[in-house]
Amino acid sequence: MDGFSRDGLRFATSDSGDPDGDVVVCLHGFPQGPEAYDAVVPRLTAGGLRVLVPEQRGYCPTARPPRRGDYALAELIADVVALVDAAGAGRVHLVGHDWGGVVAWAVAARHPTRVASLTVLSQAHPAAFRAAVTTSSQALRSTYVAFFQLPGVPERVLLAGGGAVLARSLRRTGLPADLAAGYARRHAQPGSLRAALNWYRALPRAGAVGPVEVPVTYLHGLADPFYSRAAVAGTAAQVRGPYREVALPTGHWIPELAPGAVADAVLAAAGVRG
């Protein structure tokens, strides 16, 4: 498949690997795109898996509705379920980084029968994150979220100099210069950054994400500037099934900087032995 449709939106999706293999769905975060998993996908397909990487709502030009409410968490969850249905899969091994991790947690919590395993990258469970805001440095680490709520201002600031400000801010968080420049170019396209920021602006409509019962592997970087130790530590309490936490000597950008660790975790979750 080269994509799927939902509610009049068309989502571009890469589909690679064994068409009869177990299905893996990889969800990117902000401000990435499917290319965040470019170094992960070949490792998974080599293990006999079928890998789907969608260009998510707002990031895909043909799936870019205009209203903030169009990016509520319920819509993001429904997009993933629609993808799983379109792929003809009963259950999938779900992978999510950053905002894609939020969606992955929520899909696993609300649709556990569709998720065989969950591999979350960098993103603490939303309930653990919220608890940490009042008990740790998490509020300070998340001040950018408040900035992103301002109408129009973040777009003007981050896209100044043709996206140079966005690229520079990404480099400061540990993303290599070539990848930072690539993500900045992606969001220099008309409407792209506004749509991506709408994920943050729709947060008041997110609702709670409950505990998950599926097997979870949580990979986090020891040098991640966006998540406090309290948020990381609190995540285990939100998992009712098998749980494994893997600390990596990286920062936030795990799919790009530690693709081997990501692939190893997903392959293990899928029962593929190296």
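Predicted model: local features only at pLDDT ≥ 70, side-chain atom pairs only at ≥ 80, totals over all residues.
User: What order do the strands of the open sheet come in?

Analyst: The order is E1-E2-E4-E3-E5-E6-E7-E8, eight strands with mixed pairing.

User: Which strands stand at the edges?

Analyst: Strand E1 (3-6) and strand E8 (243-248) do. Each has a single partner strand, so one side of each is left without a neighbour in the sheet.

User: And how are neighbouring strands turned against each other?

Analyst: By 20° on average, with direction ignored.

User: In what sense do E1 and E2 pair?

Analyst: E1 and strand E2 (residues 9-17) pair in the antiparallel sense, over four bridges. Ser5 stands opposite Arg10 in E2.

User: Which strands does H2 touch?

Analyst: Helix H2 (residues 73-86) packs on the sheet and touches E1, E2, strand E3 (23-27), strand E4 (50-54) and strand E5 (92-97). The direction of H2 makes about 130° with that of E1.

User: What about H13, which strands does that one touch?

Analyst: Helix H13 (residues 259-269) also packs on the sheet. Its contacts are E3, E5, strand E6 (115-121), strand E7 (216-221) and E8, and its direction makes about 160° with that of E6.

User: Let's look at E7. How many of its residues are buried?

Analyst: Six of the six residues of E7 are buried, so the strand is largely enclosed by the rest of the structure.

User: Which residues of E7 are on which side?

Analyst: Val216, Tyr218 and His220 are on one side, and Thr217, Leu219 and Gly221 are on the other. Both faces are covered. In a regular strand the side chains alternate between the two faces of the sheet.

User: In what sense does E7 pair with E6, and with E8?

Analyst: E6 and E7 pair in the parallel sense over four bridges. E7 and E8 pair in the parallel sense too, over six bridges.

User: How many residues of H10 are buried?

Analyst: Nine of the 10 residues of helix H10 (residues 192-201) are buried, and the helix is mostly covered. Among the buried ones are Leu193, Leu197, Trp199 and Tyr200.

User: What covers them?

Analyst: The cover over the buried residues of H10 includes H2, helix H3 (99-110), helix H6 (143-148), helix H7 (153-158) and helix H9 (177-187).

User: New topic. How many salt bridges are there?

Analyst: The count comes to 13 salt bridges. One of them joins the side chains of Arg50 and Asp15, at 2.8 Å from N to O.

User: Where do Arg50 and Asp15 lie?

Analyst: Arg50 lies in strand E4 and Asp15 in strand E2, so the pair ties together parts that are 35 residues apart in sequence. Arg50 counts as buried at 11% relative accessibility, while Asp15 is partly exposed at 27%.

User: And what does Arg114 form a salt bridge with?

Analyst: Arg114 forms one with Asp85, the closest N and O atoms being 2.8 Å apart. Arg114 lies in the loop between H3 and E6 and Asp85 in helix H2, so this pair ties together parts that are 29 residues apart in sequence. Arg114 is buried, with a relative accessible area of 19%, and Asp85 is partly exposed, with 44%.

User: Which residues are joined into one network?

Analyst: Salt bridges that share partners join Arg6, Asp7, Arg57, Glu75 and Asp79.

User: Are Arg6 and Asp7 buried or exposed?

Analyst: Arg6 is buried, with a relative accessible area of 16%. Asp7 counts as exposed, at 65% relative accessibility.

Notes: Residues numbered from 1 in each chain as written. Heavy atoms only, no water. Pairing = 2+ DSSP bridges. Helix = DSSP H or I, 4+ residues; strand = E, 2+ residues; numbered from the N terminus. Axes fitted to C-alpha atoms, helices over the stretch in contact; angles between N-to-C directions. Contact = heavy atoms within 4.5 Å. Buried < 20%, exposed > 50% of the residue type's maximum accessible area, 1.4 Å probe, protein only. Salt bridge = Lys/Arg side-chain N within 4 Å of Asp/Glu carboxyl O.
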